[in-house]
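Reader: I would like to learn how to read the features of a structural model one at a time. Could you take me through them, giving the general idea before each case?

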Amino acid sequence: MNPFQFHNPTRIMFGSGMLDQLGSAVSQYGSKVLLVYGGGSIKTTGLYDRIMRLLQQANVEVHELPGVEPNPRVSTVRKGISICREYSIPFILAVGGGSVLDAAKAIAVGVPYEGDIWDFFMRKADIHSALPLGTVLTLSATGSEMNGSAVITNWEDQLKKAIGSIHCYPAFSILDPALTYTVPRNQTVNGIVDMMSHVFEQYFSRTTNTPLQERFCESILQTVIENGEKALHNPEHEEARANLMLCGTYALNGGMISVGMENDWATHMIEHEVSAIYDIAHAEGLSVLFPNWMKYVYKERLDRFVQFAVRVWQVDPAGKSDEQIALEGIQATRDYFTRIGAPSRLSELNIDAKELDRMAKETVRFGPVGSFKALHESDVRSILEMSL
Ligand code: NZQ
Ligand code: ZN
């Protein structure tokens, strides 16, 4: 285990009834708020009206930024920054999925910064401050509700890049599983794949002597596997939605489950370049790429893949070589993704070989990706090719 520091400043308000505390939670930060939301799901579900009522009761003046896109655009972030500056808004409230939360985080760091927000994503500037923000999560997937990351797309340049900063952690996040009952089937599938992928990025590590962290990871994977299918079968399954929500949050909350471990993140970096060009859902790309990444790297640490197969997928090791066991675990991952309806080939997403070179090159813009096995441009290209 490596030395580590862990600090997560987000207050989690989990469970039914927590939304009622929204007014007092927001009014601690001032009397004005920028309400950031997506393409309209919060209006059709009635959540918008509830939020407006709660904020009015708390005498909070509401300014709005609607229309945050899945794969949120930097142009939308810039609009939010302008509104905050024009009306001297001290606090941001994001209501939605990861895209809305990420856009809100980028607005929060952009307001006090004199240059253009995209500088942070191109690593031309460091983040030193941000407006505080709170979130009401409506989709279990990214973990953005309890982490310091934001992923934003620059559609003009077809780039999708991430920032991470202690200043981007939400001050509070309200997690009411009932708010996820209306999430459509395909987005529930995406959420399952994304949270599992977040665990993979941490679990497949070269660091040794991390038994607790490995078991954290394995329990999250098993809980997602069990509850994912229950939620797909019955979207209003209270316990399944609650368990998925907690799993999504823990799967990526500043590295709590993998403290003292090296993380990988190569597959995420590759996927971001796929969705930057093709505008597919993040988890559709991950579903295709992750089992192929596994096949490409499993020999780096066969023991971890054997453990994964046996503990997570209950592969019976009797009479099999380590390699056979590892490969069965990878196949079980692919089979689960397929069973819940996630894609297994880029061609299912109408992606052909045309942009492979560009995606591979852009993935390694800031150097090789991944630590389980450092991937160079040619490795990334190979994984993309396996995925066609
Ligand atoms: O836009 P609206 O109308 O709200 O509809 C959304 C959207 O169309 C809909 N939705 C959300 N909650 C709903 C709902 N529909 C009905 N009922 C509800 N309760 O779902 C659609 C997808 O929403 P989105 O926010 O895009 O999904 P997700 O949470 O999966 O976020 C994906 C984005 O997060 C980034 C991804 O790259 C992608 O841009 N990521 C962010 C991370 C982070 N901040 O830590 C890490 C992840 O790895 C990921 O990269
Ligand atoms: Zn992800």
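Reader: Let me begin with two side chains: are F200 and F308 buried or exposed?

Author: Please keep in mind throughout that this is a predicted model. A residue counts as buried when its relative accessible area is under 20%, and by that reading F200 is buried, as is F308.

Reader: How are the rings of F200 and F308 placed relative to each other, and why is the pair called edge-to-face?

Author: For two aromatic rings one looks at the distance between centres and the angle between planes, where an angle over 60 degrees counts as edge-to-face. The centres of the F200 and F308 rings are 5.6 Å apart and their planes stand at 90 degrees, so this pair is edge-to-face. Because F200 belongs to helix α7 (residues 185-203) and F308 to helix α12 (residues 302-313), the pair ties together parts that are 108 residues apart in sequence.

Reader: What kind of aromatic pair do F290 and W293 form?

Author: F290 and W293 are also edge-to-face, with 5.5 Å from centre to centre and 80 degrees between the planes.

Reader: How many aromatic pairs are found in the whole structure, and which residues do ring pairs link into a cluster?

Author: The search finds 20 aromatic pairs in the whole structure. Ring pairs link F200, Y203, F204, F290, W293, Y298, F305, F308, W313, Y336 and F372 into a cluster.

Reader: Where do charged side chains lie over the face of a ring?

Author: In such a case one asks how far the charge is from the ring centre. K43 lies over the face of Y48, at 4.5 Å from the ring centre, and R73 lies over the face of W155, at 4.5 Å from the ring centre.

Reader: Which residues coordinate the zinc ion (ligand 2)?

Author: The donors to the zinc ion (ligand 2) are D194 through OD, and H198, H268 and H282 through NE2, at 2.0 to 2.2 Å. Along the sequence these donor residues follow the spacing D-x3-H-x69-H-x13-H. Since H198 lies in helix α7 and H282 in helix α11, this pair ties together parts that are 84 residues apart in sequence. H198 is buried, its relative accessible area being 2%, and H282, at 16% relative accessibility, counts as buried too.

Reader: In what order do the strands of the open sheet run?

Author: Strands of a sheet pair through backbone hydrogen bonds, either parallel or antiparallel. In this model 6 strands form an open sheet in the order β1-β8-β5-β4-β2-β3, with parallel pairing. The edge strands, each pairing on one side only, are β1 (11-14) and β3 (61-65), and the twist averages 20 degrees from one strand to the next. As a detail, β1 and strand β8 (residues 172-175) pair over 4 bridges, and R11 stands opposite F172 in β8.

Reader: Which strands does helix α3 lie across?

Author: Helix α3 (residues 47-57) lies across β2 (32-37), β3, β4 (92-96) and β5 (133-137), running at about 175 degrees to β2, whereas helix α4 (residues 74-86) lies across β2, β3 and β4, at about 155 degrees to β3.

Reader: In which sense do strands β6 and β7 pair?

Author: Strand β6 (residues 149-154) and strand β7 (residues 159-164) pair in the antiparallel sense over 6 bridges. β6 and β7 form a hairpin with 4 residues between them, and Q158 in the turn has a positive phi of about 50 degrees.

Note on methods. Residues numbered from 1 in each chain as written. Chains lettered and ligands numbered in written order. Predicted model: local features only at pLDDT ≥ 70, side-chain atom pairs only at ≥ 80, totals over all residues. Heavy atoms only, no water. Phe/Tyr/Trp six-rings, centres within 6.5 Å; stacked < 30°, edge-to-face > 60°. Helix = DSSP H or I, 4+ residues; strand = E, 2+ residues; numbered from the N terminus. Buried < 20%, exposed > 50% of the residue type's maximum accessible area, 1.4 Å probe, protein only. Lys NZ or Arg CZ within 6 Å of the ring centre and 35° of its normal. Donors = N, O, S within 2.8 Å, 3.2 Å for Na, K, Ca; no water. Pairing = 2+ DSSP bridges. Axes fitted to C-alpha atoms, helices over the stretch in contact; angles between N-to-C directions. Contact = heavy atoms within 4.5 Å.
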